[in-house]
Amino acid sequence: MNDFNLLLYAPEYASGFDIKGAGGKESVLITVRNPWQGADSVTTWLFIVRNGEEVPEGFAGQVLKGDAKRIVAMSSTHIAMLDAIGEVRCITGVSGIDYISNPDIQARRDSIGDVGYEGNINYELLLSLDPDLVLLYGVNGASAMESKLEELDIPFMYVGDYLEESPLGKAEWMVVLSEVTGKREKGEKAFAAIPVRYNALKKKVADSTLGTPSVMLNVPYGDSWFMPSTQSYVARLITDAGGRYIYQKNTGNASIPIDLEEAYLLASDADMWLNVGMANSLDDLKASCPKFTD
């Protein structure tokens with residue numbers, strides 16, 4: 001692997017990946033670092049074989065033979081990034097199709113396989129989709145799908161976009177997905193326009209005379225309410241949009257649970273409430289958070 005030290009793409013905003021090549025080679029090596037919450041010194045690799053080249057001797061990571069034409073995306077964010085680079089048609093399988101709003105996916109829902117959720121994956125269906133690559137994400141550890149995918153000889157890659165501290169770092173992961181589909185130049189061009197628009201909006205907010213609303217996030221999960229870190233991309237997004245993230249106790253690198261009583265007090269003091277799951281109205285919120293009806 002020592003030959004693959006030529007940096008083909010160095011992220012400007014993201015910290016979780018890089019893309020390298022080797023002199024005279026068309027194959028590339030994607031390195032993904034710390035792809036789940038709390039990960040420390042965890043590194044995964046995807047080697048993309050091109051032009052009939054050999055996989056380096058002793059390589060222990062995942063191997064994708066050629067560009068991915070058939071992709072199973074386990075997160076809706078993967079779909080959004082592929083859509084942004086014009087490659088959403090590569091998606092042949094998803095997780096939770098009823099909760100995906102992408103028009104192309106919904107238009108093709110009869111031909112797209114819904115493989116289910118981690119812990120209850122329909123591997124028979126997944127195998128029948130004949131994917132070139134499965135896009136995974138980890139929450140508090142490695143995906144439970146890893147061992148079965150290895151057994152089925154289906155390559156996978158972790159996408160750690162949600163762990164980035166910058167909204168622009170999160171968006172920059174579209175370049176990784178453009179690489180696996182053989183469209184990196186297209187992905188770089190699509191991403192390059194995003195910081196320009198984002199920073200223009202950020203400046204517009206900073207120059208305004210509006211107030212600074214406090215912002216509550218999320219809804220309960222069981223008996224807990226998970227609140228992201230102040231260092232997360234969503235907290236940065238709130239700040240850049242002129243708001244103030246209401247929960248300042250979590251300064252780590254992972255979301256943490258708080259009890260419903262503390263969440264109630266935070267929500268009572270908040271000016272805005274975002275990331276409310278599938279709720280589309282106050283009545284929906286009352287149904288998911290009955291203790292908050294007053």
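A salt bridge here is a side-chain nitrogen of Lys or Arg within 4 Å of a carboxyl oxygen of Asp or Glu. By that rule, the count between domain 1 and domain 2 is 0 salt bridges. The model is predicted.

**Domains and their interface**

The domain assignment of the protein chain gives two parts: domain 1 spans 6-194 and domain 2 spans 214-288. Their centres, taken over C-alpha atoms, lie 28 Å apart. Contact involves 9 residues of domain 1 and 9 residues of domain 2.

The size of an interface is often given as the accessible area lost when the parts come together. Between domain 1 and domain 2 the buried area is about 830 Å². Carbon and sulfur atoms give 58% of that area. On the domain 1 side, Gln 37, Glu 165 and Pro 167 supply 54% of the area buried against domain 2, more than any other three residues.

What polar links join the domains? There are 2 residue pairs in polar contact between domain 1 and domain 2, both residues at pLDDT 80 or more. The side of domain 1 that touches domain 2 has 3 nonpolar, 3 polar and 3 charged residues.

**Salt bridges**

Side chains of opposite charge can pair when their charged atoms come close. The model's count comes to 14 salt bridges. One of them joins Arg 50 and Glu 179, with an N to O distance of 2.8 Å. This pair links distant parts of the chain, 129 residues apart. Arg 50 sits in the loop between β4 (43-49) and β5 (62-65). Glu 179 belongs to helix α6 (residues 174-180).

**A three-stranded sheet**

An open sheet of 3 strands runs in the order β15-β13-β17, with parallel pairing. Strands β15 (244-245) and β17 (272-274) are the edges, each pairing on one side only. Strand β13 (residues 214-217) pairs with β15 in the parallel sense over 2 bridges. Where does Val 215 stand? Val 215 lies opposite Tyr 245 in β15.

**Around Thr 230**

Thr 230 is in the loop between β14 (224-227) and α8 (233-240). Beyond its neighbours within four places in sequence, Thr 230 is in contact with Ala 235, Tyr 245, Tyr 247, Gln 248, Asn 250 and Thr 251. Thr 230 and Ser 255 are 25 residues apart in sequence.

The residue pairs with distances are set out below.

| Pair | Kind of distance | Value |
|---|---|---|
| Arg 50 and Glu 179 | salt bridge, N to O | 2.8 Å |
| Thr 230 and Ser 255 | C-alpha to C-alpha | 9.4 Å |

Methods
Residues are numbered from 1 along each chain as its sequence is written. This is a predicted model: local features need pLDDT of at least 70, side-chain atom pairs count only at pLDDT 80 or more; totals for chains, interfaces and linings use all residues. Side-chain values use heavy atoms; hydrogens and water are left out. Domain bounds come from an automatic or database domain assignment. Contact means heavy atoms within 4.5 Å. Buried area is the accessible area (1.4 Å probe) that two parts lose on being put together, summed over both. A polar contact is a pair of N or O atoms within 3.5 Å; within protein, one must be able to donate a hydrogen and the other to accept it, and residues adjacent in sequence count only if both atoms are side-chain atoms. Ala, Val, Leu, Ile, Met, Phe, Trp, Tyr, Cys and Pro count as nonpolar, Asp, Glu, Lys and Arg as charged, and the others, Gly among them, as polar. Two strands pair if DSSP finds at least two bridges between them. Helices (H or I, at least four residues) and strands (E, at least two) are DSSP runs, numbered from the N terminus.
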